[in-house]
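Morning, everyone. I have one structure to walk through today. Please have a look at it first.

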Amino acid sequence: MNLASMKSTLSLPLLSLKLTMDEEYCMIDEHEVSEIREALENQTLTSAVAKIQDYCKQLDRVELNIAITGESGSGKSTFVNAFRGLGDEDEGAAKTGVVETTMKPAVYPHPKYPRVKVWDLPGIGTPNFKADEYLQKVEFQCYDFFIIIISERFKVSNVQLATEIQRMKKRFYFVRSKIDNSINAEQRKRDFNKDKTLSIIRQDCIKGLRDNGVESPTVFLISSFDLQLYDFPLLEDTMEKELPKHKQRVLLLSLPNITLTINQRKKEALQGNIWRLALLSGAMATVPIPGLSVAVDVSILVKELTNYYQAFGLDDESLRNLSDKTHVPLEELKAVLKSALNKEISADVVIKLLMKFAGGAVMLLEYWVSTIPVLGSMAAGGISYVTTHKMLSSCLNELADDAHNVLMRALQTEV
Ligand SMILES: Nc1nc2c(ncn2[C@@H]2O[C@H](COP(=O)(O)OP(=O)(O)OP(=O)(O)O)[C@@H](O)[C@H]2O)c(=O)[nH]1
Ligand SMILES: [Mg+2]
């Protein structure tokens with residue numbers, strides 16, 4: 001796992017304004033998730049947690065480079081300044097002007113997030129514009145995503161640029177700038193309606209992009225002279241989703257889904273053993289019970305339940321390792337465990353559980369008429385396959401939930 005591969009996580013096209021949780025997961029590199037999934041599935045809980053922590057720490061160090069591009073004079077430099085909370089005349093502001101102004105990429109730090117860099121690119125102006133040449137010249141590979149600024153009229157060069165950026169597997173957003181100008185001009189008309197005007201501008205941009213082959217484009221309408229008007233807050237929300245901190249959150253939010261499927265698979269694998277176990281135990285059972293073909297040996301069940309504990313990393317040693325690794329006190333990890341088996345897995349506990357799951361008068365009757373107390377064997381207990389299965393399955397479910405809760409607790413304080 002390296003930073004370059006991590007940065008490529010930002011390269012998926014993102015064209016929807018409202019992201020569903022599933023779409024957000026797409027922002028996390030499938031390769032990273034599969035590493036974590038693999039660790040959770042095949043390694044101890046402690047190494048899986050270590051992997052997740054590593055990944056989150058690396059994300060913290062990742063730099064985010066945002067390129068502001070578009071036609072000459074579309075308002076790129078003004079946007080960069082406004083975005084950074086600066087006026088065009090302020091110290092450190094990008095130069096802006098009515099004539100072509102920005103000649104080579106210039107970098108500016110984001111005021112709120114030091115690891116975020118905003119790049120003011122030269123305009124794409126000339127009539128013979130070639131998107132691929134332009135992108136090579138501005139070293140497109142350095143940027144994680146692009147904001148393409150469109151001013152008054154939609155031009156085909158915007159589409160060429162978007163298509164080329166997409167081909168380079170990078171993400172982009174469209175911004176239609178100078179909305180204040182458009183509103184002012186329309187305001188002179190007698191039947192002026194602001195919302196209607198905004199909707200016409202938006203539809204016109206979207207249509208222009210779509211007609212030229214950009215699928216479901218999202219366009220943010222903004223005025224760099226007053227960022228709080230129009231769509232800037234929405235753009236800011238959308239961009240925040242690109243931030244490493246956000247990706248950490250998304251990763252952690254995606255963990256329940258990951259652990260759920262893994263625990264499900266673990267359960268299925270362990271469940272596969274339940275019938276075999278009942279048979280084995282039945283073969284060893286000493287007292288045959290009329291009406292019930294097989295009984296169960298308690299010691300085998302104790303062993304099996306202990307085995308589940310290890311499979312889910314809930315045994316004492318695993319929890320101690322996890323606590324050492326995450327610095328979450330052992331008692332706090334144990335506090336989230338709900339299964340009664342956490343206190344003790346013994347023949348007594350298993351017998352109680354079996355009785356609980358036997359249910360039904362016949363089962364109980366069979367149990368009581370048999371030779372009790374039974375140590376080491378429940379053969380006389382009249383415990384059927386179904387009861388054994390129910391009991392083991394229920395324990396498996398409880399332990400899977402506990403494993404999930406422990407993982408969440410372990411990660412909570414560290415990340
Ligand atoms: N009314 C209005 N004018 C704007 C806005 N954004 C930029 N401008 C004006 O548009 C002109 C060009 O702005 P710049 O920010 O220099 O444009 P640019 O895209 O950086 O231009 P180049 O660097 O030459 O490619 C300037 O006169 C800005 O004041 C806006 O949102 N509203
Ligand atoms: Mg400029």
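**Aromatic pairs, a helix face and an arginine**

Start with phenylalanine 232: with a relative accessible area of 3%, this residue is buried. Keep in mind that this is a predicted model.

What does phenylalanine 232 pair with? Its partner is phenylalanine 83, and the pair is edge-to-face. The ring centres are 6.2 Å apart, with 80 degrees between the planes. Phenylalanine 83 is buried too, at a relative accessible area of 9%.

Now place them in the chain. Phenylalanine 83 sits in helix H5, residues 76-83. Phenylalanine 232 sits in helix H10, residues 232-240.

How many aromatic pairs does the structure hold? There are 8. Let me show you another one.

Phenylalanine 145 is buried, and its relative accessible area is 0%. Tyrosine 173 counts as buried as well, at 2% relative accessibility. Their ring centres lie 5.3 Å apart and their planes meet at 70 degrees, so this pair is edge-to-face. Why that label? Because planes over 60 degrees apart count as edge-to-face. Phenylalanine 145 belongs to strand E4, residues 145-150, and tyrosine 173 to strand E5. They are 28 residues apart, and the pair links distant parts of the chain.

Strand E5 takes us to the next stop, helix H8. Strand E5, residues 171-176, is among the elements that cover the buried residues of H8. Helix H9, 194-211, and strand E6, 219-221, are also included in that cover.

Which residues of H8 are buried? In this helix, residues 179-187, they are Ile179, Asp180, Ser182 and Ile183. Look down the helix axis: these buried residues fall within an arc of 165 degrees, so they line one face of H8.

Last stop: arginine 409. You will find it in helix H17, residues 385-414. Is arginine 409 buried or exposed? Its relative accessibility is 16%, and the cut-off for buried is under 20%, so it counts as buried.

What does the arginine 409 side chain contact? It makes a polar contact with the side chain of glutamate 332, at 2.4 Å. Leaving out residues up to four places away in sequence, arginine 409 touches Val328, Glu332, Leu333 and Val336.

Conventions. Residues are numbered from 1 along each chain as its sequence is written. Chains are lettered from A and ligands numbered from 1 in the order in which they are written. Side-chain values use heavy atoms; hydrogens and water are left out. Helices (H or I, at least four residues) and strands (E, at least two) are DSSP runs, numbered from the N terminus. Buried means under 20% relative accessible area, exposed over 50%, partly exposed in between (1.4 Å probe, protein chains only). A polar contact is a pair of N or O atoms within 3.5 Å; within protein, one must be able to donate a hydrogen and the other to accept it, and residues adjacent in sequence count only if both atoms are side-chain atoms. Contact means heavy atoms within 4.5 Å. The arc is that of the directions from the helix axis to the C-beta atoms. Rings of Phe, Tyr and Trp (its six-membered ring) pair if their centres lie within 6.5 Å; planes under 30 degrees apart count as stacked, over 60 as edge-to-face and the rest as tilted.
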